[in-house]
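Please walk me through this protein model, one packing contact at a time.

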Amino acid sequence: MAMGAIGGHAVVIGGSMGGMVAARVLSRRYGRVTVLDRDTLPETAENRRGVPQSGHAHALLISGRMKLEELFPGLTHELIGGGAVPFDPGADLAFHQMGALRTRFTSGKLGISQSRAFLEHTVRGRVRDLPNVGIVDRTVVNGLLSRASRVTGVVTDAGDMEADLVVDATGRSAGRADRWLEEFGFETPETATVKIDVGYTTRLLHRPPGDRLRDDALLYLMAATPPHDKRAAAIFAVEGNRWMVTLGGWHRAHSPVDPDGFLAFGKALPSPHVAELLARAEPLDKENAHKFTYPQARRRFFERLRQPAAGYVALGDAICSFNPLYGQGMTVGVLEAEALGRSLDRFSAASSAMARSYYQAAAQAIATPWQMASGGDFMYPETVGPRPLGAALINRYVKRVMLASHVSVDAHRVMLDMQHLLVPPTAVLKPRTVIRSLWAAGRSQAA
């Protein structure tokens, strides 16, 4: 669709990744797009106060990188040129799961590792350069405007702003929009919450040029082994010659913030990658390690609304906020923005029917990562919330595939493709995968 084909004005509330990607999608369809954010948006790749999770390890899944590349051609090259670290997720990532490392292989797929602040800064720069997009920071949205049974704009501390479409990309705080919608008699969605009590701490270390981790890895992940071991860990090589180390876990298995406690947590992990790095690398933030807690994952079922508000849609964490330990949120936000563009192309207006079509498409993008994340969360008896249908049976089988990935390239490949949202979860149920995984699982030393 040509730029501005629908015409009019679209407003995006929230200037993080979801909001910026939405602005890019809308710029191809509306004559003018305005992004509003309450923070002061930095001119450099800095963490923002309004995004408390920004300074921790973030994964941009391969499917998300590919979609971003379609929206912003040349973005991958730009990120790598700015210091992001390219890697092969099969060969360069040491993944400790279910008691052992996955077998390594060359997948031929391209991942890139960078801080969230650098990724947001780079994408924000691309959006700023769009001729019909304006980014306005230090502006608080206090409500919606409505007339003739549709949302017609937003109320800000600087005055009213009319819009043909309002996109709510304010993240987990978007629940306040329910009050705004209810004020005008619009339906609001049912909400499901899964209590996970996740928390983690991050420290930055100096990374000499060319430095790699134990086992010649550029990245390291340690997934918990439920139900008894709730700990998780991540080491990412990121821009600025830095290692980003994030330690934590589920249900209060949180890493201390103080350096000694952080080191002790790392030493107690079942593989030596973290302890070895902490022992030899120079810390860059001796007094500035920071912790993030995430009590519950939440999904809002907009797709069940009979008649969603015309002129308004939610996107990203405003619809579904995942357990961040799975690293799915940014990629799902990109997929939702793409779905919004398709629905606008179909209906050529921000009608209630368009919103319903979009929410149904967004629900399809959410379904796989939500099933994977909440299914994994319910491997712990402490997890509270609506349990996915068949989770116990699926979890038992997926454990066998995880064990098989210790010795089987085929099993590792299918797990990698699932986790990067390149294939649906049903990929693990193909007869060939089932037979090979069940046979290979018995060969794992951790079985």
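Helices α8 and α9 cross in a right-handed way. A crossing is right-handed if the near helix is turned clockwise from the far one by less than a right angle, and left-handed if anticlockwise. The two axes come within 9 Å and cross at roughly 150 degrees. That makes α8 roughly antiparallel to α9. Angles under 35 degrees count as roughly parallel, over 145 as roughly antiparallel, 65 to 115 as roughly perpendicular and the rest as oblique. Here axes are lines fitted to C-alpha atoms, for helices over the stretch in contact, and angles run from 0 to 180 degrees between N-to-C directions. Helices (H or I, at least four residues) and strands (E, at least two) are DSSP runs, numbered from the N terminus.

This is a predicted model, in which local features need pLDDT of at least 70, side-chain atom pairs count only at pLDDT 80 or more, and totals for chains, interfaces and linings use all residues. Residues are numbered from 1 along each chain as its sequence is written, and side-chain values use heavy atoms, with hydrogens and water left out.

Which residues meet between α8 and α9? On the α8 side they include V332, L335, A339 and F347. On the α9 side they include A353, Y358, A361 and P369. Contact means heavy atoms within 4.5 Å. By class, this contact holds 14 nonpolar, two polar and three charged residues. Ala, Val, Leu, Ile, Met, Phe, Trp, Tyr, Cys and Pro count as nonpolar, Asp, Glu, Lys and Arg as charged, and the others, Gly among them, as polar.

Helix α8 (residues 329-347) also packs against helix α2 (residues 62-71). Their angle is about 45 degrees, and their axes lie 9 Å apart. The pair is therefore oblique. This crossing is left-handed. From α2, the residues S63, G64, K67, L68, E70 and L71 take part. They meet T331, V334, L335 and E338 of α8. The classes here are four nonpolar, three polar and three charged residues.

Now look at what is hidden in α2. Its buried residues are I62, S63, G64, R65, L68 and L71. Buried means under 20% relative accessible area, exposed over 50%, partly exposed in between (1.4 Å probe, protein chains only). The cover over them includes α1 (17-27), α3 (75-81), β6 (111-113), α4 (116-128) and α8.

In soluble globular proteins, nonpolar side chains tend to be buried together.

Is T152 buried or exposed? T152 is buried, with a relative accessible area of 7%. It sits in strand β9 (residues 150-156). Its contacts, not counting residues up to four places away in sequence, are L145, S146, R147, M161, E162 and A163.

G108 is exposed, with a relative accessible area of 68%. G108 is found in the loop between β5 (100-101) and β6. Its C-alpha atom is separated by 8.1 Å from that of G90, 18 residues apart along the chain.
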